[in-house]
Amino acid sequence: MKTLFLSILLALLAMLLPKEMYSQRQLEAARIDEKIEVDGFLDESGWETATTTQGFTTWQPTPGDTANTDASIKMLYDDEAFYLGVFIEEVSRDSIMQELTLRDEVGNTDWFGFFLDTYQANNNALEFIVLSTGVQFDAKLVENQGEDRDWDSVWFSEVRLTDSGWFLEIKIPYSAIRFPKKDIQHWNINFIKYQARTGEKSVWNPIEPTGTYFLNQSGRINGIENIKPPVRLSFSPYLSAYYLRSKDNNREPVFSNGYSYNGGLDLKYGINDAYTLDMTVIPDFGQVQSDDNIVNLSPFEIRFNENRPFFTEGVEIFNKGDLFYSRRVGGTPIRMYDVEDQLDGVEIIIDNPSETQLLNATKISGRGKKGLGVGVFNAVSAETNATILNEETDEERKFVTAPLTNYNLVVLDQNLKNNSTVSFTNANVWRKGGEFYDANNSAVTFNLKNKEQSWALIGDYAMSQKYISQEEDIFGHRYSIGIDKLTGNFVFGAWHEAKTREFDSNDLGFNRRSNLFEFGVWANYSIFEEFWGKFNRANFWFNYNHVYLFEPMVHTSDYINFGFWTQAKNLWEYNMWFNVIPKDDDYFEPRTDGYFIDVPLNYNGGYWMGTDGRKQLRLSGSIYGYNVDEEGRHGWGSNVNVRYRFNNKLSSSIRVSKNTFTNSYGWVDFDEYDVPVFGRRDQRTITNVLSTNYTFSDKMGITLRLRHYWIKVLYDSFYQLDTEGLFYSTDYNIDQDFNFDLVNLDLNYRWRFAPGSDLFINWKGNIAGSYLDTDTTLDELSYFNGVTTLGRLPQENSFSVRIVYFLDYLDIQKTILQ
């Protein structure tokens, strides 16, 4: 019987494993001595004798077919750079789509590019793309982390359009990439092109979507010999100037003005052929896009996107171990919310900064030829103080909300056979002064794959420590383990994760919640080929989570999610999802130990649709509904996005979102006995976002983003919560009704006047607060009433100019030697 069972199991596994390895196409690069002028004409003699390769295969929307049009590629190299000469076929000049965008943005445009993996790691690569408009796009690709578009390098390209297609000439200096120090180079590469009029992506080396990670299915470059990694040293000094103007009708004077000037430097240095040092000194991030702030009624912290370039570029290795959330660096002072508690009866707060001043930050990252990835991050932020005024004596005093702080992160990530990895991460936060605690977190992670890379065993273990004093520290830990099937149309997995109550990595990381003991399974079925004569591809999924508290070990909830996404042949997209929570004892909403909410069976679902993105007008939107139970708790939401492309230079979009919750229960306060008080409330939220882009050329453009967020919450009644998860009546009657408006404006002009060098002119505006006319009750207040009173709310405006100039050591050296 055991033998029969084992035979069946082995047969099933054999069915799931790939039947063949993927072929690898090859391209010979030719060495040249003559100078290549990057102009798109390919008229140097080296191009005539170089080996030509062609033959593209479709990747998306349906894989494996001969591409609609082909491309011819040649490759040359010298001691300074390698060069690509490409001709992309097209039926006519008018068939080449050309919507202008800024750098690192792709519109409704034809493009050609390649993935370059110089260490043949098969799990990370550099990506270079040139649009038919001449716009450049570059990024880093990392398995399981996607595309890092903030990676930026200096390279050169030109395009030339003809009646039968377009020529592309590219120069990639060796200073823009990393490669091993050896006599003969073998690099993995795959060329990719996109034809906008058909929505077809095709590749030079075929990619099987049911197989392993697509970088593992690249071709290879041969013939590059006797090149040396150059000195990789560049500087980007900057100067910026700000004019600040604020308005507050409740303040005298109503208007206030301010000025500031800043200067600093970004430095990049190649320590050797594999490792790079990045440093920013006195950084200025005043022009980054405003956060999409909201009123947070949940017990959990909101995670915001990182928009500061230094913290988004080349940080993929620092994500190992899930202990790094870069917004902690230069973020909210640790005691900003404690200032109110320091006031006596005659004191007021006149200044309480919401961000700390970052003094410097440094990164060292790279991966050696033996597969060891190293990442070291260090940053220092200055002491931050709130200013408190005594209104009787007019004396001011300072309260330290954040001390001088050092943030440090070290990551060691070793590549193993079969694209497996194991890594170690340590995150440390040191704060000056005995009244502030320090923190140290460590993690070990692994991702082990079988020879065919069709199965993976993944997991991690992490521990957190807070050093409160010499006598007290808080220790917590987290672990997870899972097994995943990675290849084929049908993939699935199972996992388990646990976090102790004390686990807290939030000093440098992001941990939304602790005290968890959770199991889950997932399954995903994908169709990559045309089916039913109407659809290109589809994806169906199912997830189930079974959740306990870690302490005490009690079952809290079950969560079921399933849905599908599909793309039709006309490139319209459809998505539907459904969630069921048959059991939910919420121990987190009460905000204190010993209490939970007994939430009845609840469910929600939604539907999304998007029209063809190639068209001048694109519509997309969703509608979704929330649970309905015997107590009348329900909700619904909608989201509509309209994008219109006026011409190849101007496009605009508007997104309108609305959410309504009726008769929902939420925490509002604690009574005099520290018992949680909940309110039965109606909540309405509307968010509008207007985005407009005008691009003058491939190096100059203007972007506008205007966001208005409005929320109104009305409470019907209040209840105390007992330890059995039930509500009972209370005398609590503090008014908790509120409304809030928030408007953010980001208007940015960018001109890339030289390689790696930019001029930015920026206007950032902010309106925030609430206003209620004396003739209007909060119950009567509508969204449009709120819009008409925005001018009465406090306003802040920032106008700035910033210039960054790129200096490369090799260019400086050439200039000196000439």
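A cavity here is a set of grid points where a 1.4 Å probe fits but cannot get out, and its lining residues have an atom within 4 Å of a point. With that in hand, here are some close-up views of this predicted model.

**View 1. The largest cavity and the residues around it.** Thr69, Ile88, Glu89, Glu90, Asp110, Trp166, Lys193, Tyr194 and Gln195 line the largest cavity. The space inside amounts to about 40 Å³. When the whole structure is searched, one cavity of 30 Å³ or more turns up.

**View 2. Strands and residue classes in the cavity lining.** Strand 5 (81-89) and strand 12 (184-195) each give at least two residues to the lining of the largest cavity. Strand 12 provides the largest share, with three residues. Sorted by class, the lining of this cavity holds four charged, three nonpolar and two polar residues.

**View 3. A nonpolar patch on the surface.** Now let us turn to the outside of the protein. Leu372, Leu412, Leu416, Val422, Phe424, Val444, Leu448, Leu457, Ile481 and Ile483 make up a nonpolar surface patch, and together they have about 730 Å² of accessible area. Strand 24 (421-431), strand 25 (438-449) and strand 27 (473-485) are the elements that contribute two or more residues to the patch.

**View 4. Ile481, one of the patch residues.** Ile481 sits in strand 27 and belongs to the nonpolar patch. Its relative accessible area is 37%, so Ile481 counts as partly exposed, a class that lies between buried, under 20%, and exposed, over 50%.

Key
Residues are numbered from 1 along each chain as its sequence is written. This is a predicted model: local features need pLDDT of at least 70, side-chain atom pairs count only at pLDDT 80 or more; totals for chains, interfaces and linings use all residues. Side-chain values use heavy atoms; hydrogens and water are left out. Patches are made of residues with over 30% relative accessible area and no salt bridge: like charges are joined within 9 Å, nonpolar side chains (Val, Leu, Ile, Met, Phe, Trp, Tyr) within 5 Å. Accessible areas come from the Shrake-Rupley method with a 1.4 Å probe; for residues, only the protein chains shown count as cover. A salt bridge is a side-chain nitrogen of Lys or Arg within 4 Å of a carboxyl oxygen of Asp or Glu. Helices (H or I, at least four residues) and strands (E, at least two) are DSSP runs, numbered from the N terminus. Buried means under 20% relative accessible area, exposed over 50%, partly exposed in between (1.4 Å probe, protein chains only). On a 1 Å grid over the protein atoms alone, a cavity is a set of points where a 1.4 Å probe fits but cannot get out, and a pocket is an open set with protein on both sides within 12 Å along at least five of seven lines; lining residues have an atom within 4 Å of a point. Grid points are joined across faces, edges and corners, and a volume is the space filled by probe spheres set on the points. Ala, Val, Leu, Ile, Met, Phe, Trp, Tyr, Cys and Pro count as nonpolar, Asp, Glu, Lys and Arg as charged, and the others, Gly among them, as polar.
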